[in-house]
Amino acid sequence: MTDYSRVERLALCDLFDQVGPAAPTLCDGWDAYDLAVHLYVREADPMAGPGIMIPALSDTTERRMQRVKQRYSFAEVVDKVRNGPPPVSIYALPKLGHQLNTTEYFVHHEDVRRAQSSYDARTLPAAQQDGLWKAIRLAAKTMTRKSPSGLVLRRPDGTTAVAKRPNEFGSVTVTGEPGELVLFCFGRQQVADVELDGDPEAVQRLRNASFGV
């Protein structure tokens, strides 16, 4: 069974090498160097990790990231990310690491790809799309909790998953390949190749909404 989180990790690191440390990303305020450091501390620094998810601890994470940038060059950080997490990291556990990184490396790979002046659309393997669909079905309710309306995710084959139940603003159906649905739910709505169907006002509210990470 192919570990697509590792495939995306290696592809992202190769892209980092190509674009360089100052390349833009879709992560607000971060260039490629910042993103590489984020990926490194997430897996290797237990003091920095909590602040990625807990806003009250974000200052600690930022300080730890700055220390990494002072200590290591961009190329060194990229090599550390490419080589994977240290043995003591929870991300080094084969099954758990794969689950935690299935969307992480896919999304951040696209964060760099789609921030460039031009990029080629990728056709992902069916097995990878299925893995991303499984992952987003589990994460969607959390990622889209700030959606102003109900939200249904739909694959092109008609398979659906309810991310948020309908409310006073109705519900919107978002259709696309699983990878695009992942990007949409993770806050990359402006670049996700999806179709939105529903009441026009509900669709517009969703287009203007901010959610994800």
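Predicted model: local features only at pLDDT ≥ 70, side-chain atom pairs only at ≥ 80, totals over all residues.

User: What makes E43 and R9 a salt bridge?

Analyst: Their side chains meet at 2.8 Å, N to O, and the rule asks for within 4 Å, so the pair qualifies. E43 sits in helix α2 (residues 32-44) and R9 in helix α1, 34 residues apart, so the pair links distant parts of the chain. Helices here are DSSP runs (H or I, at least four residues), and strands are runs of E of at least two, numbered from the N terminus.

User: Why is E43 called buried?

Analyst: Because its relative accessible area is 6%, and buried means under 20%, exposed over 50% and partly exposed in between (1.4 Å probe, protein chains only). R9 also counts as buried, at 6%.

User: How do you know which class R82 and D14 belong to?

Analyst: R82 has a relative accessible area of 18%, so it is buried, whereas D14 is at 40% and therefore counts as partly exposed. Their side chains meet in a salt bridge at 3.3 Å, N to O. R82 lies in helix α5 (residues 74-82) and D14 in helix α1, so this bridge ties together parts 68 residues apart in sequence.

User: What makes R42 and E104 a salt bridge?

Analyst: Their closest N and O atoms are 3.5 Å apart, and the limit is 4 Å, so the label holds. R42 is in helix α2 and E104 in helix α6, 62 residues apart. R42 is buried at 10%, and E104 is buried at 15%.

User: Where does E180 lie, and why does it count as buried?

Analyst: E180 lies in helix α8 (residues 178-185). Its relative accessibility is 13%, so it counts as buried. E180 is also part of a network of salt bridges with E8, E110, R113, R114 and R122. Leaving aside neighbours within four places in sequence, E180 is in contact (heavy atoms within 4.5 Å) with R114, V191, A192, D193 and V194.

User: What makes a set of residues a nonpolar core?

Analyst: They are buried Ala, Val, Leu, Ile, Met, Phe, Trp, Tyr and Cys residues joined through side-chain atoms within 4.5 Å. The largest core has 28 residues, of which I136, L153, V174, F184, L196 and L206 touch the most other members. A second, separate core of 24 residues includes A23, V78, V81 and V112.

User: Why is L100 called partly exposed?

Analyst: L100 has a relative accessible area of 32%, so it is partly exposed. This residue lies in helix α6 (residues 94-113).

User: How do you know that the protein agrees with a compact globule?

Analyst: With 213 residues, such a globule would have a radius of gyration near 17 Å, and the protein has 18 Å, which agrees. The radius is taken over C-alpha atoms, and the globule rule is 2.2 Å times the number of residues to the power 0.38. Of the 213 residues, 46% count as buried.

Technical notes. Residues numbered from 1 in each chain as written. Heavy atoms only, no water.
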